[in-house]
Amino acid sequence: MTDTRCVTPAGSLQGELRVPGDKSISHRSIMLGSLAEGKTVVRGFLQGEDNLATLRAFRGMGIEIEECGEGELIICGRGLDGLREPDDVLDCGNSGTTMRLMTGLLAGQKFHSVLSGDKYLRRRPMRRVTAPLAEMGARIRGRDGGNLAPLAIEGSPLQGRTYHSPIASAQVKSALLLAGLYAKGSTTVYESHRSRDHSERMLAYFGAEVRPFVGGVTIAPRPRLNGCEVIVPGDISSAAFFLVAGLIVPDSEMMIRSVGINPTRSGVIDLLRRMGGSIELKDEREVCGEPVADLLVRTSRLQGIEIGGEDVPRAIDEFPVISVAAAFAEGTTVIRDARELRVKETDRIAAICAELNKLGGRVEALEDGLIIHGGNELNGGQVSSHGDHRIAMSMAVAALRAKREVRISDTGCTATSFPGFWDLLAQLRRD
Ligand code: S3P
């Protein structure tokens, strides 16, 4: 297998670090910057593969985007009606956020477009966005009755409506809000548990009329969006690998600077603290409508906990690495209500279970979660990323506390969300 990496047990982890920009916010900065009037300057943009797919897609629709140095973009927005028909398929790569949000955004355009992606993305369910969009009047065709990409979108007039989402998904909510920009009448999305609210915050920041309320959000159509400056905070989902590493590797202490701690995303901090982890928030502040803090993490004794309900959407991308923390905790951790993990970049319930067990972990898969029996050491061995960036990095974190070297195959995928992960890890190790 390509890109195999060896990770040896670490003595300790020490130092100060920054993680790359938030992936969700980076996607949205390109989308809204493109639909705004005038220039948007983005700082701290994540130059990961997923976000670069979004960037190329908007260039493919005639938007001028200048990359001027490390994480800085200038987007020449052309207004709500400024996108041009792409003359080729828009390639979303591995990025579910790109495909689902753009499906909403493209549904109400005056042109035809086609979205596709890599073999993983072409297997992921799209009906969750195409079905409610169809109820707004969207004309979208795809394999499996509109469920699987490639998706062909024939732009059409949309009608705003109220939708009760059966899943707490920011991608579904955001797709409908973006379609709502082009609809006649307002669009309202209700969800059972609140999913991440970056779209609402950024839409409001650009000048849209967005009204969040308990249980949902409403957007008014055809706002004037104004180009502005977006400073992207560090991605808490990337910080999570170093939080868990700092907790489980002996004698560690790390300060992670400028991490987004939006309450719809910070479940990982709450869960790791519930397990007994020492994580302190320093210098809490707000940057461009998003809360940010520095995070200080120290080695801690962890205990197993029960996780479910509203914990799940607030930590949805962090379960691979939370499972690693659980494997080193005393007692058992039970994760429930997390069926969504089955349809992420890979089936993460199956992947976590298979890979931790290869190292001697004691993990059981549930239909909607995992049971992780902690308290035993992990061995060295050979594991696979399943082509999933977060599985690859979680296995690297597990390896830091394993008894012997762990070989992880197919690690190129870490560039999806965290270019520079391996170098940063090497810098923090004290062996
Ligand atoms: C994202 C929403 C989440 C998350 C994904 C990014 C977003 O997906 O897992 O990594 O940027 O809106 P769901 O909306 O499917 O839960």
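Which residues are linked with Glu16 in a network of salt bridges?

1. The network joins Glu16 with Arg257, Asp283, Arg285 and Asp294. This is a predicted model, and the structure as a whole holds 32 salt bridges.

2. Glutamate 16 counts as exposed because its relative accessible area is 53%, and arginine 257 is partly exposed at 23% relative accessibility.

3. A salt bridge with both partners buried is formed by arginine 265, at 3% relative accessibility, and aspartate 235, at 1%; the N to O distance for this pair is 2.9 Å. Both residues lie in loops, arginine 265 between E17 and H9 and aspartate 235 between strand E16 (229-231) and H8, and the 30 residues that separate them make this another link between distant parts of the chain.

4. Strand E17 also holds glutamate 253, whose partner arginine 298 lies in strand E19 (residues 290-298), 45 residues apart. Glutamate 253 is partly exposed at 36% relative accessibility, and arginine 298 is partly exposed at 30%.

5. Turning to the helices, H8 (residues 236-248) and H9 (residues 267-274) pack with their axes 10 Å apart and at an angle of about 15°, so H8 is roughly parallel to H9. Their crossing is right-handed. On the H8 side the contact is made by Ile236, Ala240, Leu243, Val244 and Leu247, and on the H9 side by Val268, Ile269 and Leu272. The residues of this contact comprise eight nonpolar, no polar and no charged.

6. Helices H3 (residues 96-107) and H4 (residues 127-135) likewise have axes 10 Å apart, with an angle of about 10°, and H3 is therefore roughly parallel to H4. Here Arg100, Thr103 and Gly104 of H3 meet Arg128, Val129, Thr130 and Leu133 of H4. By class, this contact has two nonpolar, three polar and two charged residues, whereas the contact of H8 with H9 has no polar and no charged residues.

Conventions: Residues numbered from 1 in each chain as written. Predicted model: local features only at pLDDT ≥ 70, side-chain atom pairs only at ≥ 80, totals over all residues. Heavy atoms only, no water. Axes fitted to C-alpha atoms, helices over the stretch in contact; angles between N-to-C directions. Helix = DSSP H or I, 4+ residues; strand = E, 2+ residues; numbered from the N terminus. Parallel < 35°, antiparallel > 145°, perpendicular 65-115°, else oblique. Left-handed = near helix turned anticlockwise from the far one by under 90°. Contact = heavy atoms within 4.5 Å. Nonpolar A, V, L, I, M, F, W, Y, C, P; charged D, E, K, R; others polar. Salt bridge = Lys/Arg side-chain N within 4 Å of Asp/Glu carboxyl O. Buried < 20%, exposed > 50% of the residue type's maximum accessible area, 1.4 Å probe, protein only.
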